[in-house]
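Have the sequence and the 3D view at hand as you read.

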Amino acid sequence: ATLRVTAVRAEGLKNLQRIMDQDPFVELELDPWGHTAKTKAASGVNPVWKAKHNNVMELPYHGRPVPPTQAFLNVRVMDWEATRASRLIGAAEPVALDKIMKSEYVQEVVLDLADKEGNFAGTLYLNVEVVLKGVVEVTVVEGQQLKDLGQKLSAQENYVRVFLEAANEDPGVRPGGKTKIAYGLNPVFIKRNVMAFPYEGEDEPRLFLEVWDKEFSRKDRIVGRGAMMLTTDNINYRATPKDKEELTIELRDERQLPAGRLVIRVRFLNAAYDPTVEVVRGMASIGQNVHSISDVTKGEVDFFREFRVVALNLEEEMQQTAPDFVREWAKATRTPIALLASIFWLVVIASALVVLVLLGPKVLTIMVASLYPAYQSFKALESPQTDDDTQWLTYWVLFGLFEVVEQTLFALLRIINPVYAFFTFLFKIGFLIWMQHPTAKGALWLYRHYVGPWLRSNEQFVDKRILRAQETIKEIDDRIRLPVEKSNGDDADDDEFDPSENI
């Protein structure tokens, strides 16, 4: 079954906060399987947990291999902390499940809490209910002596509609399904005759069955209707799925006259039962012999327990969300789906690490040095302010100078000792971030204090050198171009037509 626990309120909790209100939340663990659940944080020393706090928690009780007398519900109230680990306000004595499983109704459980020193830390009020959750599987077997609707040219074509409805549900949204057509007044349903309905522990679940005659030239006609209440004869609290004997449902037509019988089978698949789930050690069961799983030390047991709980929860989640072909592959290879998923992510992470090692520094440098500054430069050009224009124009000036230094001095350092490559990379990333940071504005500061004064004092010298370099390049270009043009001119003269050659 499933243990549904609702956190209602607490009174007189120990206050761990001196200035602000504490943020208490309830944490549960079902021992010895290690299933956990918790609410969101409420407020104060007399908190009330509501639906917005996710105060309804569900824990599956597998029933095997531990009986209720050896299974316990551990309850703690914690103070949520934003900047550090949550602190214990108080814990209750473990509650044996045999006291809870005896009742099918909601029970109010009042627990006294104690802090780490054993002092009274408040009172906690819970509502506890044992519910059955799973899938109701209905198999339509055959119809017997169905009402004859007067088909003359062909046999009567029957199909069955099945609905599952609970007392607290809206009949307009009840789940349903229908079978394929079977023929005659004693039809045997073979194709698509199995329907599954999710069951969440609602009150008074009922099955409604309708037999219809398929018509092609007019609306389908009702043959008869029947219903049955799902009781403990069909849905029980046993851990294993149980095939029931065939059930016969009496049908009535629209005038409430007998319309034949319908034979069905009902099976319940318990969502809480999983024979592969192993017992793990709970947070409050250390030292109890019935829950011992090894003779290792307490620290190793805690690590082993946490790893096992994570693995089991992951496997349960993957069983529900994995695609069909993955489940079939896992079943064929007898490999847990969680293991297949772990192998897949290991391959992805390993590939990402390889790419990061080979190309990571270069890609990161391009993103930090070019992409973000380029986008910010675009925004600066589009904005009416001039301060951001100065910042990013200054950044690009210094970035160009830094690239010159890196390609000369840093390259020489990397040749001398390859270890310097790592440190130069870190220095470059840090330096670029400092230059473009909106608060530090390192580029603007560096330009105003060092680069700007130096360039202004040497501006004429630099301009002369640039002009001289341009003249030198032009002179070299002229020296190369003139002989080429002259050579082309001589070739053209040689190719001109001479009339005297034809005389």
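Helices (H or I, at least four residues) and strands (E, at least two) are DSSP runs, numbered from the N terminus. F344 lies in helix 4, which spans residues 337–382. This is a predicted model, in which local features need pLDDT of at least 70 and side-chain atom pairs count only at pLDDT 80 or more, while totals for chains, interfaces and linings use all residues. Residues are numbered from 1 along each chain as its sequence is written, and side-chain values use heavy atoms, with hydrogens and water left out.

**The whole chain**
- The chain has eight helices and 19 strands.
- Of its 503 residues, 37% count as buried (under 20% relative accessible area, with exposed over 50% and partly exposed in between; 1.4 Å probe, protein chains only).
- Among contacts (heavy atoms within 4.5 Å) between residues at least 6 apart in sequence, 63% join residues at least 24 apart.
- The accessible surface comes to about 31,500 Å², and 58% of it belongs to carbon and sulfur atoms (Shrake-Rupley method with a 1.4 Å probe; for residues, only the protein chains shown count as cover).

**Nonpolar cores**
- A nonpolar core is a set of buried Ala, Val, Leu, Ile, Met, Phe, Trp, Tyr and Cys residues joined through side-chain atoms within 4.5 Å.
- The largest core holds 32 residues, and L3, L73, V75 and L124 touch the most other members.
- Strand 1 (2–11), strand 2 (24–31), strand 4, strand 5 (72–79), strand 8 (107–114) and strand 9 (120–131) each give two or more residues to this core.
- Strand 9 supplies the largest share of this core, five residues.
- Apart from this core lies another, of 27 residues, among them V138, M195, L230 and V266.
- Leaving aside residues up to four places away in sequence, the residues that L124 touches include W49, V75 and V109.

**A nonpolar surface patch**
- F344, W345, V348, I349 and L353 make a nonpolar surface patch of about 510 Å².
- Patches are made of residues with over 30% relative accessible area and no salt bridge; like charges are joined within 9 Å, nonpolar side chains (Val, Leu, Ile, Met, Phe, Trp, Tyr) within 5 Å.
- A salt bridge is a side-chain nitrogen of Lys or Arg within 4 Å of a carboxyl oxygen of Asp or Glu.
- F344 has a relative accessible area of 49%, so it counts as partly exposed.

**Positive phi angles**
- Most residues other than glycine have a negative phi.
- N54, in the loop between strand 3 (35–38) and strand 4 (56–60), has a positive phi near 55°.
- K441, in the loop between helix 6 (419–436) and helix 7 (442–457), has a positive phi of about 45°.
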